[in-house]
Amino acid sequence: MTRPLLEVKNLTTRFRTERGTVTAVDGVSFHVDPGETLAIVGESGSGKSVTALSVLRLIPNPPGRIENGEILFDGTDLLKLDDPGIRAVRGNKIAMIFQEPMSSLNPALTVGLQVAEPINVHRGTPWEKAYEAATELIGRVRIGDAASRLGSYPHQYSGGMRQRVMIAMALACAPRLIIADEPTTALDVTVQAQILDLLKEVTRETGSSLILITHDLGVVARYADRVAVMYGGRIVEVAPARELYARPQHPYTSGLMASVPRLDGGGGRRLMPIEGQPPDLASLPPGCSFAPRCRAILDQCRTAKPELLQVADRHAKACFAHV
Amino acid sequence: MTLAIDIPATSGKTERNGVLRFVIRLFREKPLGAAGGVIFILFLLCGIFADVLAPYGMNQISPRNRLMAPSWAYPFGTDNLGRDMLSRCLYGAQISVIIAFTAATLATIISIVIGIITGYLGGKFDLVTQRFVDAWMSFPDLIILLVVVSVLGPGLPQIIGTLGLLLGIAGSRIIRSAVVSVRENMYVHAAQSIGASTGRILWRHILPNIMPPIIVLFTTRVGTVILAESGLSFLGLGVPPPTPTWGGMLSGSGRTFMFQGPWLALAPGLCLTIVVYSTNVFGDALRDLLDPRMRGSR
């Protein structure tokens with residue numbers, strides 16, 4: 001087995017708020033293999049974005065703080081790097097794509113300059129050379145007439161085009177890992193598919209790994225190799241995508257599956273919502289965070305937090321019950 | 001999937017015409033502000049070319065033509081020593097231009113440096129620095145000016161330096177608040193995520209986006225500085241005579257001979273009023289047009 005490209009161990013990120021300390025990410029461990037696409041799914045507030053931001057140490061401090069854990073990227077612990085050290089990783093070895101293409105580009109600079117910037121930052125390439133490289137990158141993300149588009153400003157681009165530009169920026173330094181934080185949430189459905197196909201294609205071309213953060217299970221099924229399901233700041237289940245769909249083990253995962261409409265089979269089947277509300281991170285129950293909403297609840301669920309344990313080959317879940 | 005998407009070709013040349021289009025917009029939507037801008041530029045030109053434009057020397061005395069009312073030979077009349085008021089107003093404009101632009105530039109630079117650093121870094125550093133700014137702003141400007149001038153003596157460098165510092169520290173508040181709102185934009189986080197250093201983020205991602213308040217701050221500062229300098233000269237603490245300044249003309253011969261020759265006070269007073277008023281309306285118009293919320297609306 002090859003060494004994982006990224007290995008996150010026991011990551012804990014907390015935020016200080018007016019209502020006390022909130023543990024947004026609570027002892028999360030996962031890994032990403034070279035060339036693999038890992039999807040992190042979960043509802044709003046499940047800690048998936050904070051997990052992603054923590055990897056690049058982009059959590060605003062204060063109020064946020066990574067309290068614990070190790071983030072091993074290619075063997076180095078990113079949490080132990082000094083400031084210039086982590087900056088050399090950002091955008092160079094690990095690139096990030098954000099969910100709001102409308103506001104992720106600087107309105108005062110031309111697109112060309114922004115695509116060229118990572119190259120200038122990390123390789124010290126002079127602007128003219130970097131600009132040439134940007135032309136090539138813009139072509140790779142399927143934006144036609146690249147040379148003349150580079151002189152345009154972001155407001156002259158549509159949302160989908162801007163997300164393409166963000167992908168071009170992410171590709172600029174040929175990163176080993178791309179983290180895409182809900183890259184398609186703000187886009188039209190038709191454009192979503194184009195952007196995800198593009199992401200899949202460029203990661204396949206370059207052999208880089210992808211962490212795809214989403215709340216869309218349809219996206220997961222189509223694009224991810226493995227899936228980590230997050231709930232209340234913890235990973236509750238990890239499995240290869242097919243396995244997860246075929247045999248969800250955690251009651252939350254199976255609840256999610258049941259609540260998604262399907263076009264194939266199950267005609268006339270009623271959608272089964274998960275009862276209750278998403279957990280309030282400021283006042284989590286002492287036991288399993290999902291316990292108040294769980295259909296398969298046991299006595300110990302209310303008092304002890306279940307560990308993420310292997311249940312089958314490459315399949316792990318954090319649940320006491322056997323579903 | 002190979003899909004090439006075309007967006008309308010609006011790039012390159014049209015962007016270079018941005019300034020021209022902006023000027024047209026200014027005239028169309030803010031005629032008063034545009035008029036202010038024109039007067040502002042005229043004032044600038046008068047100041048720069050005073051030596052060429054002035055029909056007489058600034059201290060050229062002609063005792064036979066004392067206290068002459070405005071006429072074709074002396075459009076603004078003459079003062080008690082027979083000096084041409086038009087020439088003196090033009091040279092006064094020159095002094096005003098020099099002081100206004102150096103002090104306003106100095107003030108703006110100080111504002112940018114303090115504002116951008118405290119605004120971006122935030123936290124305790126911001127809190128402490130801004131309390132010093134509070135303390136500084138609670139002193140009346142004129143008192144500080146008077147203290148500096150009476151310690152160092154009147155003179156251009158002292159006035160420029162003090163005014164620059166005074167207005168610069170006060171203006172840092174405006175820049176800071178602009179930075180605080182720009183800082184939260186996604187593209188600043190995106191810049192962090194590509195590994196840009198703090199300096200690069202400030203220079204390339206924050207500064208271009210706070211240009212509107214900077215431009216407005218600068219234009220309004222020009223008016224403030226002209227007024228402050230005139231106030232000092234009026235009190236006799238500004239640029240020492242015989243250098244003509246608008247404030248000095250108002251207080252000296254203007255006040256003494258107000259009844260024999262009202263034009264002595266009217267000429268510099270009107271110059272002062274018109275120029276300061278026009279910088280203010282010009283600044284206001286710029287602020288309205290450059291407001292990012294109004295950007296894109298035509």
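Reply: The side chain of A:Thr214 comes within 2.9 Å of the backbone nitrogen of A:Asp216. This is a predicted model, where local features need pLDDT of at least 70, side-chain atom pairs count only at pLDDT 80 or more, and totals for chains, interfaces and linings use all residues. Residues are numbered from 1 along each chain as its sequence is written, chains are lettered from A and ligands numbered from 1 in the order written, and side-chain values use heavy atoms, with hydrogens and water left out.

Me: Is A:Thr214 buried or exposed?

Reply: A:Thr214 is buried, at 7% relative accessible area (buried is under 20%, exposed over 50%, partly exposed in between, with a 1.4 Å probe and protein chains only).

Me: What is A:Thr214 in contact with, leaving aside neighbours within four places in sequence?

Reply: Its contacts (heavy atoms within 4.5 Å) include A:Ile40, A:Lys48 and A:Glu182.

Me: New topic. How many salt bridges over all chains?

Reply: The whole structure has 25, each a side-chain nitrogen of Lys or Arg within 4 Å of a carboxyl oxygen of Asp or Glu.

Me: Which residue does A:Asp197 meet in a salt bridge?

Reply: A:Asp197 pairs with A:Arg222 at 3.7 Å, N to O. They link distant parts of the chain, 25 residues apart, with A:Asp197 in helix H7 and A:Arg222 in helix H8 (helices, H or I, are DSSP runs of at least four residues, strands, E, of at least two, numbered from the N terminus).

Me: And A:Arg247?

Reply: A:Arg247 forms a salt bridge with A:Glu243 at 3.0 Å, N to O. A:Arg247 is partly exposed at 47%, while A:Glu243 is buried at 18%.

Methods:
Polar contact = N/O pair within 3.5 Å; in protein donor to acceptor, adjacent residues only side chain to side chain.
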